[in-house]
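These are my notebook entries on one protein chain, written down in the order in which I looked things up.

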Amino acid sequence: MGVFKIGVLDFETVGQGSAEGSRLAGNAKPYNRTKMFTDAIKAAGHIPVVYKVEKCQMFFGEKAVILYNNKKIKGCDVLIPRIDFSLGIDLEISIIKQFQLMGIPVLNQYLPISRAKNKLRTLQILTRSKIPVPKTIIARRIQDVDEAVKRIGGYPVVIKVPFGSYGREVALLESRRSLYSALDILLRRDTTSIFLVQEYVAESDNCDYRAFVVGDKVIASMKRQARAGDFRSNLELGGTATSIALSDDEQKIAVRAAKSVGLSICGVDLLHSKNGPVVMEINANPGLKGITDASGVDVAGEIIKYAAKVAHQHKTQK
C-alpha cells in the first residue's frame, strides 16, 4: 500500500484532561496515548505527524486552512483525533471539521464525535436504529423524577448528565431519600439542567463489557468489574479488567451501534440484562492501555492498520 503520513490530533491540554489518558487507577506510572499511536505508526513503517491543538489556528479566506505555529500545514494522509474532555465539545472539535474541509480523511469525524459525546443524542440514534438500550427518561425538573422512576421500574435507578465521561457525573440512587442531594451535586457541576434517569440493570452485577470497534469489526474486548462498594466499572475509578470473548450477537450489536453513530473507532459498552445485551454507552475516545493489557491485542497497531487502509483508499479514489 505504500508509506503514509498518519496524523494524530492531540487535545491533551484542552479542557479538563483525561484521567484515563494519563493514569489508570492502581498504576503509579502515567502513560501517553499519543506516544502509543506514534510508536505504532513507526512500527508499521509509516510516518507519524502530531498536531498539538493548542498550536493550531484555523484560518478562513478563499479556503479553510490550518496554521501550525503560525505556518500553513502541509497536512497528512489520514488523521486520528484524540479528545480528552467533554465541556465545550462542539466548539473545541471544530478543528476536526477544518481538517475535513481540507480534504483529509479523519477517524473519527466531527459530527459522529459530537453525537457520541451527547448521551441524549446517542440514545435517540440507537433507539431509532432498534439497538437495545436501558430504559431511560430525560428530565429537566426534579418534580418529574418520581413519575420517571415508576415508569422505568422503580428504584434503584442511575442518574446521569448528558455530557459526563470517565464515570463522572453519574450516581446510583437506592431510594428517594438520596435523590435531591445527588441531583444537586450533579447539576451544580454541569452546564445544563437536563439529566437522565436510567434503569439500573441489577443482573449485570456491577460489570460491563467493552467492545473495541475499528471499522466494521470488534478487534478486542474486555470485562470491566467495579471495585467493591461501587457500581461504576470504569478503570479510572478502580475497576478491574479481564479478557473476555464476546458472543456473535454482542459483536454485531457493538458494530451496529458504532455505525449508527458514524464512528470509525470507538468503545461500545454493553450490559447483560435479563432481556439480552443492551448498549450502555458509546465512547468516541476509548482508552488504549486498559484494553490492550486485558485483551493482549495490540489495539493501537490495529487502529494504524485501519488508518493506512483508509489513506490508501482515499489516494486511489483521487
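**Entry 1, helix H4 and what follows.** I began at glycine 103, which comes just after H4 and takes a positive phi of about 85°. I then went back into helix H4, residues 94-101, and noted that Ile95, Ile96, Gln98, Phe99 and Gln100 are buried there. I keep in mind throughout that this is a predicted model.

For the overall count I recorded eleven helices and 15 strands in the protein. Of its 318 residues, 52% are buried. I also looked up how far contacts reach along the chain: taking contacts between residues at least 6 apart in sequence, 68% join residues at least 24 apart. The accessible surface comes to about 15200 Å², and carbon and sulfur atoms account for 50% of that surface.

Which strands does E11 pair with, and in what sense? One partner is strand E12, residues 217-225, which runs antiparallel to E11 and is joined to it by eight bridges. Within this pairing I noted that aspartate 208 has arginine 224 of E12 as its bridge partner. The two strands form a hairpin with two residues between them, and in the turn glycine 215 has a positive phi of about 70°. Another partner is strand E14, residues 265-273, which pairs with E11 over six bridges, again in the antiparallel sense. Here valine 214 stands opposite isoleucine 265 of E14.

I stopped at serine 264, which lies in the loop between helix H9 (248-261) and E14. Is serine 264 buried or exposed? Its relative accessibility is 16%, and buried means under 20%, so serine 264 counts as buried. Leaving aside neighbours within four places in sequence, I listed the contacts of serine 264 as Leu107, Asn108, Val213, Val214, Gly215 and Tyr306.

I then asked how many cavities of 30 Å³ or more the structure holds, and a search of the whole structure finds two. I followed up the second largest cavity, which has a volume of about 40 Å³. Its lining consists of Ile80, Pro81, Arg82, Leu107, Asn108, Ile265, Ala284 and Pro286. Strand E6, residues 78-82, gives the most to this lining, with three residues. By class, I recorded six nonpolar residues, one polar and one charged.

Last, I looked up an open sheet whose strand order is E3-E4-E5, with antiparallel pairing. Strand E3 (56-60) and strand E5 (71-72) stand at the edges with a single partner strand each, so one side of each has no neighbour in the sheet. Between strand E4, residues 64-68, and E5 I noted two bridges in the antiparallel sense, with leucine 67 standing opposite lysine 72 of E5.

How values were computed. Residues numbered from 1 in each chain as written. Predicted model: local features only at pLDDT ≥ 70, side-chain atom pairs only at ≥ 80, totals over all residues. Heavy atoms only, no water. 1 Å grid on protein atoms, 1.4 Å probe; cavity = no way out; pocket = protein on both sides within 12 Å on 5 of 7 lines; lining within 4 Å. Points joined across faces, edges and corners; volume = space filled by probe spheres on them. Helix = DSSP H or I, 4+ residues; strand = E, 2+ residues; numbered from the N terminus. Nonpolar A, V, L, I, M, F, W, Y, C, P; charged D, E, K, R; others polar. Buried < 20%, exposed > 50% of the residue type's maximum accessible area, 1.4 Å probe, protein only. Contact = heavy atoms within 4.5 Å. Areas by Shrake-Rupley, 256 points an atom, 1.4 Å probe, with all protein chains shown as cover. Pairing = 2+ DSSP bridges.
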